[in-house]
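Reader: I have a model open and want to go through its side-chain contacts. Can we take them one by one?

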Amino acid sequence: MLKRLSIVLLLLAFSALCTFAQLGEQERSWNQPVEPFRIAGNIYYVGASDITSYLITTPKGHILIDSGFIETVPQITANIVKLGFKVEDVKILLNSHAHYDHASGLNQLRRLTKAKLLVSRPDFDLLARGGKADPNYGDRFPFEGTRADATFRDGKKVKLGGVILTANITAGHTPGCTTWTTETVEKGRQFSAIFVCSTSAPGYDLVKNERYPAIYSDYQATFARLERLRPDIFVSAHGRQFDLLGKIERMKRGEENVFVDPDGYRRSLKESRVAIESTYERQSAASPNPQR
Ligand SMILES: [Zn+2]
C-alpha cells in the first residue's frame with residue numbers, strides 16, 4: 001500500500017513538472033539575479049534582470065507588484081530581506097498582467113505573505129486558469145493559477161498606509177493589463193511614477209482575433225491614454241523596456257534619479273505604437289477581408 005502511494009506521489013510530482021515546464025534559455029536570461037535597490041522614495045526594485053518586481057513600502061505594510069516566474073520568487077523574497085524589510089509585511093499583491101513571466105509566482109507569494117491579491121476584472125479568469133486559453137498564446141504558457149481575493153475596475157485606488165496606487169487598465173497585451181501609477185517623494189521633491197504593463201504584441205493576431213476581437217482598438221485606446229500621462233519615474237513589466245540594466249550601471253557610477261526619465265517614457269510608447277501599427281498594417285494586407 002505504502003509503495004503504491006509513493007508511486008502515485010511520484011507520478012503526481014512528475015506530471016506537475018510536465019504541466020509547468022522548466023524555464024528555457026531565453027527565460028533564464030530574463031531571470032538573472034540583480035541586487036535590489038531603491039528606485040526613489042518608497043519604491044524599491046526587487047525583481048530579476050528583465051522580469052521585474054516592485055516593492056512599495058508604507059508604515060502599515062507593503063505592496064508588491066508582480067511575482068515573475070515561480071523561479072523568481074526566491075530572488076524576490078531574498079531581495080526584500082536584503083533591503084531590510086519583512087516578507088510577511090507584504091499586505092497587498094498586484095499584477096501587471098496574467099502571463100507566466102509576471103504571474104507564475106503569485107500563488108507562492110500568497111502562501112509566503114498571506115497578502116491579499118487584487119486583480120483587474122478582465123484578467124481574473126486568465127489568472128485563475130493559469131494562463132490557459134490565453135487570447136494569443138492559447139495553452140502555450142501554463143502556470144499555477146490562482147483566484148484573486150478581489151477584482152477591480154479601471155481607476156481603482158489601492159490604499160495602504162497613506163500610499164495610493166491607481167489602476168489604469170491598459171488593455172491589449174492582455175484584456176486586463178494594468179498600468180499602475182503613484183506619487184513618491186525623494187529628497188523633498190515629489191515625483192509621479194508609472195509601472196507600465198506591457199504594450200508589446202509578440203506573435204499576436206491583431207486582425208480577426210476571434211478570442212479577442214477588440215484587441216487592436218484596445219491597443220489604440222491604451223496608447224492614447226498612456227500618451228496623455230506625464231510620469232517622471234518610468235518603469236515597466238520588462239527591464240528591457242526601460243533600460244533597467246543600463247540605468248543600474250549609471251546608478252552605480254553615482255548618477256542620481258536615473259529612473260526619472262520622461263523622455264524615455266515617451267520614446268518607448270512611440271516605439272511600441274509604431275510596432276503595433278505596422279504589425280496591424282501587415283496583417284491587414286495579408287488578410288483576404290481586412291477589418292478596417
Ligand atoms: Zn506578457
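**Rings, sulfurs and a metal**

Reader: Before we start, what kind of model is this?
Author: Local features are taken only where pLDDT is at least 70. Side-chain atom pairs need pLDDT 80 or more. The model is predicted.

Reader: Is Tyr-45 buried or exposed?
Author: The cut-off for buried is under 20% relative accessible area. Tyr-45 has a relative accessible area of 1%. Therefore Tyr-45 is buried.

Reader: How many aromatic pairs are there?
Author: Ring centres must lie within 6.5 Å to pair. By this rule the count is 15.

Reader: Are the rings of Phe-37 and Tyr-45 stacked or edge-to-face?
Author: Their centres are 5.5 Å apart. Their planes meet at 25°, and planes under 30 degrees apart count as stacked. So the pair of Phe-37 and Tyr-45 is stacked.

Reader: What is the angle between the planes of Tyr-137 and Phe-141?
Author: These two rings form an aromatic pair, 4.9 Å centre to centre. The pair is edge-to-face, with the planes at 85°.

Reader: Which residues form one aromatic cluster with Phe-37 and Tyr-45?
Author: Phe-37 is buried, at 9% relative accessible area. The cluster holds Phe-37 and Tyr-45 together with Tyr-54, Phe-195, Phe-234, Phe-242, Phe-259 and Tyr-265.

Reader: Which residue has its charged end over the ring of Trp-30?
Author: The charged end lies 4.7 Å from the ring centre. The residue is Arg-240.

Reader: Is the disulfide of Cys-177 and Cys-197 left-handed or right-handed?
Author: A search of the whole structure finds one disulfide. Cys-177 and Cys-197 are joined, with S to S at 1.8 Å. The torsion about their S-S bond is about -80°, so the disulfide is left-handed.

Reader: How many residues apart are Cys-177 and Cys-197?
Author: Cys-177 lies in the loop between β9 (163-169) and β10 (178-186). Cys-197 lies in the loop between β11 (189-196) and α7 (215-228). The pair links distant parts of the chain, 20 residues apart.

Reader: Which residues coordinate the zinc ion?
Author: The donor spacing in sequence is H-x1-H-x73-H. The donors sit at 2.2 Å from the zinc ion. They are His-97 (NE2), His-99 (ND1) and His-173 (NE2).

Reader: Where is His-173?
Author: His-97 is in the loop between β5 (90-94) and α4 (100-103). His-173 is 76 residues apart from His-97, and both are buried. His-173 is in the loop between β9 and β10.

Note on methods. Residues are numbered from 1 along each chain as its sequence is written. Side-chain values use heavy atoms; hydrogens and water are left out. Rings of Phe, Tyr and Trp (its six-membered ring) pair if their centres lie within 6.5 Å; planes under 30 degrees apart count as stacked, over 60 as edge-to-face and the rest as tilted. Buried means under 20% relative accessible area, exposed over 50%, partly exposed in between (1.4 Å probe, protein chains only). A charge sits over a ring if NZ of Lys or CZ of Arg is within 6 Å of the ring centre and within 35 degrees of the ring normal. A disulfide is a pair of cysteine sulfur atoms within 2.5 Å. Helices (H or I, at least four residues) and strands (E, at least two) are DSSP runs, numbered from the N terminus. Donors are N, O and S atoms within 2.8 Å of the metal (3.2 Å for Na, K and Ca); water is not among the atoms, so sites may look incomplete.
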